[in-house]
Amino acid sequence: MLRWHPRPEDLRSAKYPLILQPLITAEDAESHVHALERREVPTQKGHSAYMPIRFVPFEKISKHYKLMLAFDALVLWKASGQMPTKGTIIHGLQHTILGLRLDTLIHEVQLLVGKLRALLSESIPPDPVLIKHCSECEFETYCRKRVAEKDDLSLLDSLSVTERAKLNAKGIFTVTQLAYTFRRAAAPNVWHHAKRSITMLSRLSQFETKDSHSREARVSNQGNTSLS
Ligand code: SF4
């Protein structure tokens, strides 16, 4: 969809009362903002008259959505030179309105963006760590393969981030290392994770076999198409 790209001077002068689905860009960042609503003229210099609005279909609003709104606000700030101080999330079946103060959230997003910039500036991509959202991600096959090659602890989906960090602090980074620490009587939790890892790895090998079969089938189909 073609998105409108408002000019910085129009954002600064708050020319429009409502801007729907603008594409805001600043430096190396861009945000597909859902809407900007003009509020009363701010009393403090450097503050924006626009309030970013985000629409979320869910009833429960997690921190993730608040940070997305703060990212909209951060890019608007950088594009216009004026910082939005308040934002709104409209969510759920009843279109519940959640008003948020943005200063602390924007600061948090700035730190996250800084970390992302540092990661992107490295020549080698970071190693993937599997999370619960991987099943919805287009890179799942690639990441699972890399994680399996590394035998990374994130293969154990029953292991929380905190548990994994604790094991890493003890120098345990792989499923094999974890299995060596296993003593059934003394550590029933580790036994539980080890059992899940075996199930997980066997599922993974089935998944990879299926994936390679479908890839072969695709190659064969493409060959047939080009020949016909
Ligand atoms: S599949 Fe890879 S890129 Fe996608 S969420 Fe998981 S780790 Fe991240």
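## Around the ligand

The shell around the ligand holds seven nonpolar residues, one polar and one charged. Here Ala, Val, Leu, Ile, Met, Phe, Trp, Tyr, Cys and Pro count as nonpolar, Asp, Glu, Lys and Arg as charged, and the others, Gly among them, as polar. You will find Pro-128, Leu-130, Ile-131, His-133, Cys-134, Cys-137, Phe-139, Glu-140 and Cys-143 there (a residue counts if its C-beta atom, placed from the backbone, lies within 6 Å of the ligand).

## About the model

This is a predicted model, in which local features need pLDDT of at least 70 and side-chain atom pairs count only at pLDDT 80 or more, while totals for chains, interfaces and linings use all residues. Residues are numbered from 1 along each chain as its sequence is written.

## The nonpolar cores

A nonpolar core is a set of buried Ala, Val, Leu, Ile, Met, Phe, Trp, Tyr and Cys residues joined through C-beta atoms within 7 Å; buried means that 20 or more other C-beta atoms lie within 10 Å of a residue's own, all placed from the backbone. In the largest core, of 24 residues, Ala-70, Ala-73, Leu-74, Leu-76 and Ile-106 touch the most other members. Strand 5 (50–56), helix 2 (63–80) and helix 3 (103–121) each give this core two or more residues, and helix 2 supplies the largest share, nine. Helices (H or I, at least four residues) and strands (E, at least two) are DSSP runs, numbered from the N terminus.

Another core, of six residues, lies apart from this one and includes Leu-156, Leu-167, Val-175 and Leu-178.

How values were computed: Buried ≥ 20, exposed ≤ 12 C-beta atoms within 10 Å, placed from the backbone.
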